[in-house]
Each structure stands twice: as C-alpha cells, then as structure tokens.
Amino acid sequence: ACGQDTDEEVNGDDPVEEEVEDNGAAEEEPEADGLEGTITMAGSTSVQPLSEELAAAFMSIHPDARLEVSGGGSGAGITAAQDNAADLGAVSREVADDETGIDVHTIAIDGIAIIVHPDNPVADLSIEQIQAIFSGGIVNWSEVGGDDEDIVVVSREEGSGTRGAFEDIVMGEEELVATAIIQNSGGSLRESVAADPNGIGYVSLGGLNDTVKGLQVDSVDPTAENVLAGDYTVSRPFNYVSNDSEPLSELAQAFLDFVLSGEGQNVVEEQGFIKVN
Amino acid sequence: MSKVKRNQIIAYSLLSLAAALTVTILLAIVFYIMSRGLAMINLAFLLEEPRRMGAEGGIYPAILGTVYLVGVTLLLATPIGVGTAIYLNEYIREGLFKKVIRFTTEALAGIPSIVFGLFGFIFFVILLRDITGGWSIISGSLTGVMMILPVVIRASEEALRNVPNPLREGSLALGTTRWYTIKKIVLPLAFPGILTSLILSIGRVVGETAAFLLTLGGSLLIPRTLFDGSRTLSLHLYMVAMETGNMDMAFGTGAVLIILIIIINFLAGALFKRLIKRFS
Amino acid sequence: MTEQTNKSIKIEVNQLDFFYDQKQALNKISLEIPEQEVFALIGPSGCGKSTFLRTLNRLNDLIHKTSLKGKIKIDGDDIYHSSIDVVQLRKSVGMVFQKPNPFPFSIYDNVAYGPRANGIKKREQLNAIVEKCLRQAALWDEVKDRLDDSGTSLSGGQQQRLCIARVMAVEPDIILMDEPTSALDPLATLKVEELIHELKQNYTIVIVTHNMEQAARVSDKTAFFLDGVVVEVGETDQIFTNPKMKETEDYITGKFG
Amino acid sequence: MTEQTNKSIKIEVNQLDFFYDQKQALNKISLEIPEQEVFALIGPSGCGKSTFLRTLNRLNDLIHKTSLKGKIKIDGDDIYHSSIDVVQLRKSVGMVFQKPNPFPFSIYDNVAYGPRANGIKKREQLNAIVEKCLRQAALWDEVKDRLDDSGTSLSGGQQQRLCIARVMAVEPDIILMDEPTSALDPLATLKVEELIHELKQNYTIVIVTHNMEQAARVSDKTAFFLDGVVVEVGETDQIFTNPKMKETEDYITGKFG
Amino acid sequence: MQQTLKKKAANLEERIVKIILIIMALASVFSIGLIGFFLFKEGLPFVWNYGITNFLFGTTWNPTNQIYGIFPMIIGTVLVTILAIVIGAPIGIAVAVFLAEVAPARLTRIIKPMVDLLAGIPSVVYGLFGIVVIRSMIRSLAHGPLGEYLPGTYQTGYSVLAGGIILAIMILPTIITISADAIRAVPKEYKEAALGLGSTDWQSVYSVVVPAAKSGIITSIILGTGRALGETMAIIMVAGNTVQIPEFGWQGIFAPVRTLTGNVALEMGYAGPEHRQALFATGIVLFIFIMILNSITLALVKKEH
Ligand SMILES: Nc1ncnc2c1ncn2[C@@H]1O[C@H](COP(=O)(O)OP(=O)(O)OP(=O)(O)O)[C@@H](O)[C@H]1O
Ligand SMILES: Nc1ncnc2c1ncn2[C@@H]1O[C@H](COP(=O)(O)OP(=O)(O)OP(=O)(O)O)[C@@H](O)[C@H]1O
Ligand SMILES: [Mg+2]
Ligand SMILES: [Mg+2]
Ligand SMILES: O=P([O-])([O-])[O-]
C-alpha cells in the first residue's frame, strides 16, 4: 500500500528546478541570517548519505550551523526523536501507526535494489521468487535459472527501515529465513554480497554501486526513473521524524525547510533519489 | 638418544613453534594493515575532513575526536583513579570497605564494553542530555571513565605499593601529616608508575569502539565543543568499513591506529624501565 | 623498678601491653626514662624492642590490627589520649631507623623537609637550619660542598647521620633510635656513637641495640627485654657488671640470643 | 691432603675453581670423599660451601655465566666431561636443600615423582617404592594414613624427611645436604640427624652445616672452608678437638663467623 | 623546646583531603551501582513479563512479532568463546612457558613487547583483518574443498570459526602475560628439586613448575574467557550475526552465529520500547555471565593464599 502513496506524492511535484538555482545564488552572503547552533540527526543508514549531503549543502549556506549526522538504523531514528536524543530522526520506511509521539516529514523516495554478486548469471526475479528466496522456499540458484549453488541470503538487522520496508513490500506474511546472514548497515550488507558469488541482499538505490548487481524485479531495472514511473515497485519513503511535544528548534526547522525547498530537493535528485515536491 | 631427551626436544620445539606462531600472527596483522593502509596516509588524509560518510577525504575530525575524548577521559579518570588508589593504599587497611571497592573495581573491569555503551546511552545520552548535550564527547568520556577506572586504580595502587615503606615512616616520624607525606614522598616516587598506567589507559580508550558507538554519536564534523558529537579513529574505522564499505579508507585509519598504539606502548615501556631503575 | 636519678622523668610507661592482632608483643611494660640521658634497650631478636620503641611515637598506629593497653606519658601527657595530636607528638619524638632511609632528594632537601612541612619557606632561614643540623650531626664538613647531591648517594654511615640531622631539624625533645648502626661498618658506627654522646646534652635518647658493647659504651641506663617483658632495668654499669637476674647474665655473657 | 681411610674414594675433587661471572667463589679445591661416610663442610657464611656442594651434581650449571676449572670425579668418571649425561648424574647424586621444598602435590606423589619420571607407571611398583622410601626416611609411621595429603601440609621436620625420601626414591649413591636442619626446630633436627646416621650404611653423604655440634655429631670427616679455600680437612674428631690451623680453631671456638 | 602535643583545631587540609579521597573511592562503587541499576531497571521487568525460560531458552528472535528468544545467541556466544579458548589457551600457555622457562632472556625481551602490542591493537582492527583476510580464507576452504559437506549458508566464511580465530588472537596476550607471571612466580626451589632428582629440564617444567602455577594459569584462561565473552565489534564484523543454532557436528563451526554482545550492538537501532528492554535484558545475561566468571577468579585467587 505504501508504495502507491509515495508514487502519487512524487508525481505531484516536478517543476521546481529553476527556482532552486535562483535561491542558491541569492544566499551567497551567509553571515546575515545569523542561524547558528547544533542539530543532531540519527537513524537510517540508508538516509545517512543523503542527510550528509543535505547537511553539507545547508552548512555551506549557514556556516555557523552545525548538523551532526549519524546512523544507527531507522528504529534508532524513531526512538531518538521520541527520546529527544536527536533533533531529527531518519527513517527509511513508512512510520507505523503505533510509533507515536513524532511528526513525520517525508523528504525523498527511494527504491530498494535487490542485489547479487556481479558474476551471478541471474538478472531478473519476480517478487514471488524474491519472497521465496528470502523466506527459505527457494534455496538453490538453479531453481531461478542460475548455477547449481546454494543461495546465501543476507539481510539487515531488526530495526532497519530498509528491512522493514522490504518485508512490507516483498515478504508479506512470510518470515525471513532463519539462516540469513545479518549485517547492520547498507554498506556492510553490500560488501558482504560483493564478496560472495552466491549472496543475495537488498540495499537502498543510493547504496548501489558496481561491486554488486541490482536485479530486475519483474523485468524492471532498479532505477529512480522506474520508481518514479511506478514500474519498479520496491520503494519506500525517506522520512525525517521529530518529537511532536516539543517544537523544532529554529535551526532544525530551517534545515527541514531547506530540505523540502527546491534546492534541497535538487540534492535529493543528484544523489539518485526521488524528489517529493 | 633417550626417550626423555627426545621428549624434551619435541616439547621445546612445540613451545618455540607456539611463540613463533604468535609473533607471526602479530607481524602478519601489522604488515597486512600497514601494507594496505600506509599507501593511504598522507598529509591530506590526516588533515582533511571526510566526505561521503568517510568514503572519501581525510580523517581529521576523527583524529581530533580521539584526542579530545582521550584528553577528557584521562582528565576525569586520573584524579578519581589515583585518588581511589591513594585512599585504598595509604588510608585504609584491609577490611570490608576495601573489599567492597576491590570487588566493584574487579567487576567494573569485567563488564563488556557494549554494556557500558548501553548504560552510557540511557544515562548520559538520554537522561542527562541537557547537561551532556546528548551524543557528545562528554557522554563518551564519562562512559570511558567508568571503563578505564579499574585500570587506573589497579596500576596506581601497584605504583604506590612500590614506594618503600621506610620512606613513608621516615616522613611520618618527622611529624608530617599523612597527606603531606603522600604529596611530597609517595606521589613523586609513584609518579612514573602512575604515568605508565595512564598511558596504557590511553591505549584502552583509543582501541575502544563498542561503548563509544552508542555514546559519541559518530558525527563526522570537526568537534567545536565537548558537547558536540564526534567519532574516534576506531569508531571511524568501523563506520567506514561497515557503512561505506570503503576498505582502503578503513585500512588507512587502521594503519594510523596501529602506529599510535606502537607509540603509546613504546612510551609506556620506556617509562616502566625508568620506574624499575628508580626502585632498584 | 628503676633507681632514683637526679634527672626528671621525660617518658613514663605504665603497664603497657601491645598486641599484633592476637599476638602479644609487649607485656606489662613499666619504665621511666629520664631526661637528657641515653636509655638503651637490649634483648634477643623478637623480644619486642622495636615494638616498644615504636609505641613511643605511635608509629605502630600505622600497622593493621594492633592494640594497646596501659599508659605512656611524655612530659606528663598521655600520648594515647584522644586529645593528642599525633603529628605534634611525632615532631617532638624523632626517630632514626635501623636502615638509613634518606629521601631520594638532595641532601639539603632531606634536612629541610621537616622545617618546610612546618611552613618555613624563607631560603635564609632554611639555610641556617640545614647548616646547624648538619653540623650537629657531624656531617657538615663532609657534605657542605655537595648539598645538592642526592641523599642516597652518600655512604651508609653518612646516610645515617643525614637521617639524624633530618630529625634534628624538626627540633624534637626525644630521639628514638632503632639499631641505628647495625647496617654500618665499624668506622661509621664509631662516628654515630660519638654523635650520640654529644646529642644527649640536648635530647633524651632511647636506643635499641643488638650490640652489647655499644649499649655499654653509649648508654646511661639499660633495660633488658625478653619475650615482651622487661626483665631488668638499671644503670648500664650495673646491668653489665652485676646483673641481678639470671636471664640478663645469660644474655650478656652470650649464652643465648 | 686427607688422611688414609680403609674406605674407597667415592668423589675426588682436583684443583677446582669456580666463578660466578667474574667473582671467584671456589679456589683450588682438592678433596677426596670416601664411600659410605658422612662428610661435613663447615665454614662462615659466604665461604663457598653451597657452591661447592652444587658443583657435585652440576646444579650450578643452571646459573647464568658461571664457569669451572679443575676436575671432579665420581667413581672415577669426570662428571664435567662432555660424555656425561647430567640427568643420569643427578639421579645418582641426590640433593636435599636447606629449606624443605616438597612439591605442592600429595605426599605419595612427592615420593613417586622420581620413579615416575623414570618411566615407572605400575601402581603396585610405585606403592612399594613409596613405602620403602618413607620407611627409610623414618616418616612412614607418621604419614601412612594420609599419603594423599599435600606434602606442604606437613611440619618442617616432616617435610625435610619427605624430601629425603623423595631423593631416595631415585636410588642415588650420594646424597648432598645443604644445611638440611637449619630451618628445623631442635626435635626435628634430632630426627633428621638420626636418619643421617642410618643412611650412611647405604649412601655417601656430603653435608653442609652451620652448626658445629651437628658436624661433630653426624660426620666422619670434616672440611673447613674459608673464602673459597679448603683450610683444613680431616677426621671430624681431630678437627674439632685438635685443629691444625689457627683459622679453624678460631672458627670452631666462635671467635669469628 | 617544650611543644604542646594537644590537637590543633587546624589540620583542616588533612580532613578535607580525606573526604575527597573517600568520595573518589566511592566513584567506582557508584558507577557499578548505576550501571547495575539501569541495566536491571530496563531489563528485569521485561524478563519477568516475558518469562525467564521463554527468554533464555526461546529459539526464535523476532522483535517485529514480539518474540524474544536468545537461546541461539547464548549458544553462539558459548561456541565462539569455547573455540577461542580451545585455540587460544594451548598456544597462549605454550608461549607463556616458552617465555618464562625456555627462551633466553634476550628473546623474551624481544617477544614481550610484541605480546603487549597484540594486546593494544584495537578490536576493530582485528575485525577489519578478520573480514578481509580470515573470512576470505575460511570461505575458500568452506566453499572449496569442504563445499560438498556444507550447506550453502555455511560456506560464506562468516562463521563460528572466523569469530573463534579472531577472539583466540585477541585473548592470547591476556593468557600469555598472566600465565607467564604465574610460572615465573613458582619458587625456583621446586625446579631445583626436580632437577636434583634427575629430571630433564622439560620434565621439571611439565610435571612440577606448570602444575605449581596451575591456579595462575587457570585464572588467565578465565580472564581470557571474560575478554572473549565481552568482545563485540570484531565479532559483529566476522560472525555473520545469524540468529540460529548451528548444526550439531563439525560443520557447526562453519555456521554463522550471533553473540549476545553482537545482538546488543546490532540492534541498538531497536524498533520499539519492548525491543529495547529485550536488549537490556540481553545485557543482564552478559553481566551475569561476567559476574560468575569474576567470582570464580576471586575464589581461585583466595584459594591461592
Ligand atoms: N607487623 C607485625 N605484625 C605481627 N607481628 C609482628 C609485627 N612486627 C613484629 N611482630 C612480632 O612481634 C614480636 C616483637 O617484634 P620486634 O620487632 O619488636 O622485636 P625486636 O626486639 O625489635 O627484634 P629484632 O631485634 O629482631 O629487631 C616478634 O615476635 C615479631 O614477630
Ligand atoms: N648466583 C650467584 N651469583 C653470584 N654470586 C654468588 C651466587 N651464589 C653465591 N654467590 C657468591 O659466592 C660466594 C659463595 O657463596 P655460597 O652460597 O657458596 O656460600 P655459603 O658458604 O653456602 O654461605 P652460606 O653459609 O651463607 O649459605 C658468596 O660470596 C656469594 O655471594
Ligand atoms: Mg627490631
Ligand atoms: Mg649456603
Ligand atoms: O539503516 P536503515 O535505512 O535500513 O534503517
């Protein structure tokens, strides 16, 4: 269900690029705005690279501001916001109904790429096959047209947004196979698959690189365009969440505004994610 | 050759083999890390800020973070640790209180660092965030203090015990107070030993990761105050390796860490020799 | 038990018992030690001489699980009374140890240690004290050109005299000496013995010694300890020439110990 | 130098020099030690008695930077010759130390240690050896019901006899004893002395002692060491009643040492 | 010259110092009290509600569905630790004997700093070495020659074996240093006595010196066990973190496992309050393991005296 929601949002807002350039030019004299202080962000490791870029862009405009970005996983992002341990938590999935006490701000849409070793002859799997592989129904690559080798499933840790979204979209009611190797960040998961010709895992589109191969899902390539077009269905929102009982600090609010501004959304796009407005 | 002689030769060969194996393992690790890491190290690597979560750029903030964390941790742990050692060794005698402190320091020493991390997270990062700034160097340091306290206490006690008793009695018999005797006689003589223990605790702080993973926050920015989040070199190595998968950067950081540890061990060794000399 | 003397009593010990944990080391010791004399304690090893000496400046307080009964009065004050300041007590009762224990500082700083602890900071004042005490300890001529050398660089005999100078710098009334010459060669011993002779003009001295001849040479009165008990006490001459007790005679003629 | 005896010579020492690094501890020692007698070594502390004793089973080999000149023959074999198996040598030359040093094992295992090292594994055989040696060491009756107790739980005198039993279990010809009773009380000493008396039926014994009376009581011959040199050697009676050398006389009458 | 011996009201410094020192001495007591308090406050109610047996012996860990069984992680921890000891202890003790009894002093002086360096290397560096070198080596073994005997998921190199080897290396210095000290502390009379009885050097070492140093050596092993048990980062990097009980048999050492410490560190991005409490409860289990080990060490040390 959530996949559809995000698609609509994405479709809604395209035409901002021109304004962004202007804004950037207008804010060349940074001293004047007097924005200073520190905000901390924690949570999703999938959102983290994007947050870093956004923070860097923001700080180049407001040199007295300090944006500390750290990881921990989406669960940590939610609890950090709930506990006020961070100003903003990053969550790489839909926020569940029972995760209360927080305001949610969607900042981008991301696809989740199903990845295998580059040498793996398999290039395309259906959602059903992926589900069967991750739940232990299919255990050999030959069952999906590959070599006669046992499949090594690599997954993320409990609390990961990527895992949460992946399970929502792909796994349905099925449980992850118990023998799965567990890695606690997108990066280490990718390294783990890159090192194992029989491995399969999943990472943020932004975390895709040429050490691994992103599989087609139902014959659709995992690209931002395909996500945007609604053809690649394994996608999820990137959210910033904040504590709803305390107002955002001025700086945090300014950052959030920046992220959602044309300029911020440009950064989102440059990083290979999909804009939300 | 008699059987016992043959046994001896076999046994000693095996023992030498074990020693050779240990040395080989050490050299293999050091050389491997160095061979992949030294190539990364240059001025820019040391003095630039990281980009793309540390996959590019340098490690300067991590170096600064390490220095600050070590500095603050030692600044807090030294008086507490040395003070405890003085109290245990110079003021009280065997008894319940001493036993309790002994037991708790032993227990502290045994607690896995991840448990310190858990505690530090709940207590310093969340509960005391208005004071500590949440994830921050202060939170990390306070957690680090708890971790190295047993090391500092134990080593300082050892150093104090090495101060010959006749000197203490000589001073007290001159009608000086206990504290004066400690200040003027005991502490100066125990100083190299205490310093050695402090240097070794630097090693412990530099090498620690699990406790700081949950308390330092891992920000890549250059820390400006002690209430800013930060990361140490070890934490940086872990995050770069695990989050970005850029092993070359990780090896570069690893090489810096190993060089640092070698320097620390060397300093501690040199001081220890001085200590031995002083008391013989 | 002691004989009458014309000197006034400096230290008065009354029914003193001392225990290390369970073990009784001193048993009903009663003694009177007159002012400005040398009082020798002799007896076989382990009889409690050092223990007794260390009760006089409460150095035994430092040892775990010790206990004490009875009274020790110095100038009429009960030194184990709760109103007594141990630090003051130890200032007025100096102690010289068996093994010379100079501090690992310069000769000057060794002697100046006590005065400095008492708050004397002025260089001239310290200079004067250091010179006076080193002269009194008959060490000045030997070290006056090397006051900055470490105290531990001196010979054993010089170290012991340095320790005596160090004690004198805090101006005690009483000096306790626990086998002060047992670590020294005969020549150094002689020097220290001469010094003791001089010192008794100004100080009350209690000295423990294993060396019978030394006791005879330096002391005015002698007490013979055996197994924590004072067997006999009296004028040194009398003890050595005409002991009243069989045990004393056995000991001084070398039959045991 | 020694007088003629009807016994054959077990150990023959010829012009023995021994050095710790630069320091010469033994100087041209020549001695003949007859079979099945007790040979005592006496002399003041530091004169080289222990050093000499330990050259006889080459225990000094263990000390870093020692060197030796001269010859020691046992049963005619030069024990420092390269063909000699040190391990075999030490089996036939047992040693009992000054401080009883039982292993921290059971009494049984202490005695069985040597036989086991020699490959004896059978329980009955070991049982027999243990009983025989403990009997020989006059300890059997005291410990037969507690063979599994730790050797270190015994009293000092018992420990020393246990060490003697342990040595006998490897069936040596010669037993070296370095002040075997100095850590023991008079009663335990007496027991060990009696044992030595018995043992000389079967063993050649070389004993170092500080105790003149002991040397007189237990030994047949005595050598007096001084500063690494053998000053005098002869029948024990003669040495103690009618020493030829001034130094010997001074020593045994207690003038020095 | 007469000085009064009466107490002076002053000497304030002495008293203040003493109070400060007492406060400092209490800091460590206070620390452990705080740690214990928070650990138990967060974790204990959870264990109570969830049920101790369900928690300790449940074989499924699925926080999303509120299932919190840590048995596989207890097994994983125990397996990795035992393997580390099995590999590390014999080598460590052998090196200790070598250093204390066999090696010439000059060699000891060279090897000792190396052992210290081994102790000083940060655990993440071991972890890095572990993933890049050891894991790949194990993978080429498990996927190659042993491939036909092992299920695919046991061929990745992430395994009990990789964790065990890395931990074995990490505990070597602890075992070597403490054992060597214990062996050196054996009175040399024992060795002399043994040699005097005609033992070879090795016999005396093996049958007298080492047994006499037994309690020190055991202490070193226990402390090494504690270190292995508590290690986190290196183990997350190489053990695979799979929540499963490995197959029974030799294949089991190639299974990827998760340790208790790994569980806490991995899932600190917990999804909810109950999940977090379950992690604290995991911390309690670790804490108790360590306390048991500590008590054993203490009892041993006491027996020694
Ligand atoms: N700190 C201590 N704890 C327990 N017992 C002690 C302690 N110091 C001394 N003793 C015991 O008290 C007794 C008296 O000892 P003390 O040192 O006073 O004898 P001493 O006459 O000075 O002997 P020496 O001539 O050997 O110095 C001895 O039996 C000794 O073992
Ligand atoms: N390991 C050693 N290294 C250097 N010098 C030593 C060593 N052992 C003994 N010596 C020296 O060799 C000399 C003879 O010592 P030895 O132990 O043989 O004397 P001893 O007659 O047995 O004395 P004691 O009666 O005190 O046991 C002494 O001067 C001693 O200091
Ligand atoms: Mg004494
Ligand atoms: Mg000797
Ligand atoms: O790190 P996550 O984006 O998977 O929560």
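1. The shell around ligand 2 takes its largest share, three residues, from H1(D). Helices here are DSSP runs of H or I with at least four residues and strands are runs of E with at least two, numbered from the N terminus. This is a predicted model, where local features need pLDDT of at least 70 and side-chain atom pairs count only at pLDDT 80 or more, while totals for chains, interfaces and linings use all residues. Residues are numbered from 1 along each chain as its sequence is written, chains are lettered from A and ligands numbered from 1 in the order in which they are written, and side-chain values use heavy atoms, with hydrogens and water left out.

2. Stay with ligand 2 for a moment. It is surrounded by 13 residues, and the closest are Ser45(D), Gly46(D), Lys49(D), Ser50(D) and Thr51(D); a residue counts as near when one of its heavy atoms lies within 4 Å of the molecule. Look for a polar side-chain atom of Ser50(D) 2.6 Å from an oxygen atom of ligand 2, and for a polar backbone atom of Gly46(D) 2.7 Å from an oxygen atom of the ligand. The side chain of Glu179(D) has an N or O atom 3.4 Å from an oxygen atom of ligand 2. Taken alone, ligand 2 exposes 630 Å², and the protein buries 64% of that; such accessible areas come from the Shrake-Rupley method with a 1.4 Å probe, and for residues only the protein chains shown count as cover.

3. Now turn to chain C and ligand 1. Here 13 residues surround the ligand, the closest being Ser45(C), Gly46(C), Lys49(C), Ser50(C) and Thr51(C). An N or O atom in the side chain of Lys49(C) is 2.9 Å from an oxygen atom of ligand 1, and a backbone N or O atom of Gly48(C) lies 3.0 Å from an oxygen atom of ligand 1. The protein covers 64% of the 630 Å² of accessible area that ligand 1 has on its own. H1(C) gives the most to this shell, with three residues. By class, the shell has four nonpolar, six polar and three charged residues, where Ala, Val, Leu, Ile, Met, Phe, Trp, Tyr, Cys and Pro count as nonpolar, Asp, Glu, Lys and Arg as charged, and the others, Gly among them, as polar.

4. How much of the accessible area of ligand 5 does the protein cover? Begin with the contacts: an oxygen atom of ligand 5 is 2.4 Å from an N or O atom in the side chain of Ser44(A). A polar side-chain atom of Ser160(A) lies 2.5 Å from an oxygen atom of the ligand, and for the side chain of Thr162(A) the distance from an N or O atom to an oxygen atom of ligand 5 is 2.6 Å. The protein covers 100% of the 200 Å² that ligand 5 has on its own. The shell residues divide into no nonpolar, nine polar and one charged; among them are Arg156(A) and Gly161(A).

5. On a 1 Å grid over the protein atoms alone, a cavity is a set of points where a 1.4 Å probe fits but cannot get out, and a pocket is an open set with protein on both sides within 12 Å along at least five of seven lines; lining residues have an atom within 4 Å of a point. Grid points are joined across faces, edges and corners, and a volume is the space filled by probe spheres set on the points. The count comes to five cavities of 30 Å³ or more. About 360 Å³ of space lies in the largest cavity. Of the 25 residues that line it, Gly71(A), Gly72(A), Leu213(B), Leu214(B) and Met268(E) lie nearest its centre. H11(B) supplies the largest share of this lining, four residues, and by class the lining has 14 nonpolar, nine polar and two charged residues.

6. The second largest pocket has a volume of about 1,200 Å³. It is lined by 46 residues, and the closest to its centre are Glu158(A), Asn62(E), Pro63(E), Thr64(E) and Asn65(E). H6(A) gives the largest share of the lining, five residues.

7. Glu42(E) counts as buried because its relative accessibility is 11%, where buried means under 20% relative accessible area, exposed over 50%, and partly exposed in between (1.4 Å probe, protein chains only). In helix H7 (residues 188-196) of chain E, seven of the nine residues are buried, including Tyr190(E) and Leu195(E).

Conventions: Polar contact = N/O pair within 3.5 Å; in protein donor to acceptor, adjacent residues only side chain to side chain.
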